Amino acid sequence: MSNTNKARRTPAETQAIVERSLRRRYWAERRFRMYGFAAVTAGMAFLVYLFFVIFSNGIGAFQQTQVRLSIYYDPQVIDPSGNRNPDDLQAADYQALIRAALKAKFPEVEGRAATRELTRLVSGSGAFDLQKRVTADPSVIDTTEVRWLLASDAVDLFMKGHIDRKLPEAERPIGDSQVGWIDKLRDEGALALKFNKTFVTGGDSREPENAGIWGAVVGSFYMLLLTLLLSFPIGVATAIYLEEFARRNRWTDLIEVNINNLAAVPSIVFGLLGLAVFIGFFGLPRSAPLVGAMVLTLLTLPTIIIASRAALKAVPPSIREAALGMGASKIQTVAHHVLPLAMPGMLTGTIIGMARALGESAPLLMIGMVAFIVDIPNGVTDAATALPVQVYLWSDSPERGFVEKTSGAIIVLLAFLVVMNTTAVILRKRFERRW
Amino acid sequence: MTPAALLVALTLLSVGAFWIGKSRSLALVGGSRGVRNLHSLPGHYGLMTALWCALPALAVIAVWLMAQDAIIVRLVTDQLPETVRNLSENDLSLVLNDMRNLVAGNVPATSVSAAVQAASAEYIHLRGISRMALTVLVAVLAVGGVIMIRARITPQLRARNGVERVTEWLLLGCSTIAVFTTIGIVASVAFEAFRFFAIISPIDFLFGTSWSPQMAIRADQVGSSGSFGAVPLFAGTALISFIAMSIAVPIGLFSAIYLAEYAHPNFRTWAKPLLEVLAGVPTVVYGFFAALTIGPALRGWGEGIGLNVASESALAAGFVMGIMIIPFVSSLADDMISAVPQSLRDGAYALGATRSETIKQVVLRAALPGIVGGVLLAVSRAIGETMIVVMAAGLAANLTANPLEAVTTVTVQIVTLLVGDQEFDSPKTLAAFALGLVLFLVTLALNVLALHIVRKYREQYE
């Protein structure tokens, strides 16, 4: 149009231009599509890599190296007085029994230093194990028994291949002589990887080989149970009020805006609230699942309220009109007809909220749930820790053995999350109803 | 009775009250055949009786438990020996703390002084009396309520209306908890923050460039005067959030475009939830992943090409945080792209545009406000994220824009200042609340802005 004074293009020329530009545009199209695919792949790859790292590191935590020793419950050591006094049995030197058993196995070991090296093969908890055995059943005294005892942390790492035997002796935590003993024991079958019962049933410990997650699991359980008991009724009640009863006015608008904003407030701010109000103002105990549950309730309420409102909205008005038409009151309509129909959606939202609460750790750090707690908590006011916080605590420990324990704890945490989310998905699929 | 036992007993009493009310109403009209002579269903009379049994008693329990401890401690303090009572406030609170620990059974009796032992015995004694009194009071209220209401039940009594009114008030009460939470956050954080600003001026806090919150314990200690200039923290937070967003926005946005516009529905049905798993992984797992794998790997690569990378570099934390945020960006962008009407796309196709041209020039432009809103929400999530940076970022407050160095963030400092034992009135502790206030206000502003943009945009196509 504008180049009227120039020679007009022939149709063939135009076609050539269009074809060239088309090729370029199709290339751009393909490139664009590839970027999209690459982005999705990258996201998936991160996910796969994350899980691979965690599982390859953590699967070993469920196994622990144990040593088979034939222990002679020497009455000279345990009970020299011979009257089976429980206090004497408690206080006896059980380490000596282990030392004797090891010496019997390796008679060539001489001298204090070498003996100490030898006894370091077995975990310090071995003596407690024997003590428990004897106090529970004093009749074993003066008999010989074959027992599997926990090996020490360093032996365990060596057996799992985390310590390279080719390193110079000074750079690895176990010496050359220990390597020799380990090889000999392993060839005899007296040193083997077994299922790690301590990890699954024990409380926290400073020694990686004695550390377990049961305390954290119980703490998380109490906290989630209380959170559920608090947040489900409150969340559902709020949703019902806003959806079914409230007239639209300033007050309900304020509530709505609040709920939406709370959903996006950083979780650590809820921790500050818990610290200042629940602990500082009301004087509730630190580190207790009770306080943790109250904080997590406030944290999960927006999730539950939003999901419950969506579930209530999905119930068609005709149901309400039919109930009202039959003479039911407003409350009866909701309680007898709307609520049962909305319940699956509400439960799905609640489970998702609970899954979020289970993975949350930042607010729990604020209210002091990071304490080192060995005992399994017995109630909601006992000091406790939670699974994600246990992960955090272990990841901070300098011992190499805790890397494996941390990943193991993460596997347990992820397993719980998978179960909860799958339940939510199944619930949604099973009860989803299209009107 | 302990409070827990009292609550169980009260629950049982209310169940009993329900049956009393229900059978009373039935008896008045001569059995189930006369139900039509009642104003409400028999269950409503039962519920009304149960509510009269439980609600006043519950209110009394709540008030009593809140006041009990303070009153008992006051009484116990008055009985302490003269020497202990004349201690300074801090020392006195230490003694009281010992007493509480002894009462709770956390410490053996032999580990504390005789005065504390006597005090804790007195505490237990008074607590026993208080519990007894509460039990009696609750029993009187509950039983009295039942007797009174039972006498008032007549066939004309509008029980249903009463019960429903109470239920509605209960529902309303539950819905105000959200408001009280916000008030609680603002009040508690702001209160402590203002105490902090009374010691350190807000100007120094917001614009100072040196952050070292360690206070001198001894007067002659060198170099720990405590300076609270938060600019390095804000800069560190901004740097890490920027790195995170520069990972999350392109990947999230392109994933959303691919899944919404190109992908086969079958691929979409399993790829989308799988990507969202990234958002469901607890942040502590990401933190561990960053500290264990990404940090050392980046350091190794850096050494390989002659760069000095800190093992707690901003890059490692930001990168992993970016991965975590991908699903937030992608699912919000996906929603926004799907909300663009098909007619706009059809128009572009009719003009001869290719798919990518349509997406770039029509769909993304139409969806832009929504996507910007989603990105802002993701930024607020990145700023408030705690565990990843606590585990993978540093503690030293460096004022730098170099992503290979270690920086610290607002959330890391809040955690460092507050984890462990602390007294409530040192500026070090209060500084955490001041940081919390800044964090709350910034994320709140971002959220309000983002929701505003998203809502405004959505109205266009509805």
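Q: Where is the kink in α2(B) centred?

A: The bend at a residue is the angle between axes fitted to the seven residues ending there and the seven starting there. In this predicted model, α2(B) has a kink of about 35°, centred on Gln68(B). Helices are DSSP runs of H or I with at least four residues, strands are runs of E with at least two, and both are numbered from the N terminus. Residues are numbered from 1 along each chain as its sequence is written, chains are lettered from A and ligands numbered from 1 in the order in which they are written, and, the model being predicted, local features need pLDDT of at least 70, side-chain atom pairs count only at pLDDT 80 or more, and totals for chains, interfaces and linings use all residues.

Q: What span should the 38 residues of α2(B) have?

A: The expected span is 1.5 Å times one less than the number of residues. For α2(B), residues 42-79 of chain B, that should be 56 Å, which agrees with the 55 Å between its end C-alpha atoms.

Q: At what angle do α13(A) and α15(A) pack?

A: Axes are lines fitted to C-alpha atoms, for helices over the stretch in contact, and angles run from 0 to 180 degrees between N-to-C directions. Helix α13(A) (residues 289-314) and helix α15(A) (residues 330-359) pack at about 150°, their axes 8 Å apart. The pair is therefore roughly antiparallel; angles under 35 degrees count as roughly parallel, over 145 as roughly antiparallel, 65 to 115 as roughly perpendicular and the rest as oblique. The contact of α13(A) with α15(A) comprises 14 nonpolar, 8 polar and 1 charged residues. Here Ala, Val, Leu, Ile, Met, Phe, Trp, Tyr, Cys and Pro count as nonpolar, Asp, Glu, Lys and Arg as charged, and the others, Gly among them, as polar.

Q: Which hand does the crossing of α9(B) and α14(B) have?

A: A crossing is left-handed if the near helix is turned anticlockwise from the far one by less than a right angle, and right-handed if clockwise. The crossing of α9(B) and α14(B) is right-handed. Their axes come within 10 Å and cross at roughly 140°, so α9(B) and α14(B) are oblique to each other. The residues of this contact divide into 11 nonpolar, 2 polar and 2 charged.

Q: Which residues make the contact between α4(B) and α5(B)?

A: Two residues are in contact if their C-beta atoms, placed from the backbone, lie within 7 Å. On α4(B) the residues include Val95(B), Asp98(B) and Met99(B), and on α5(B) they include Val116(B), Tyr123(B) and Ile124(B). These helices pack at about 60° with axes 9 Å apart.

Q: How many residues does each chain give to the contact of chain A with chain B?

A: Chain A gives 66 residues and chain B gives 66 residues. Helix α1 of chain A (residues 11-58) gives the most to the side of chain A, with 18 residues. By class, that side has 48 nonpolar, 15 polar and 3 charged residues.
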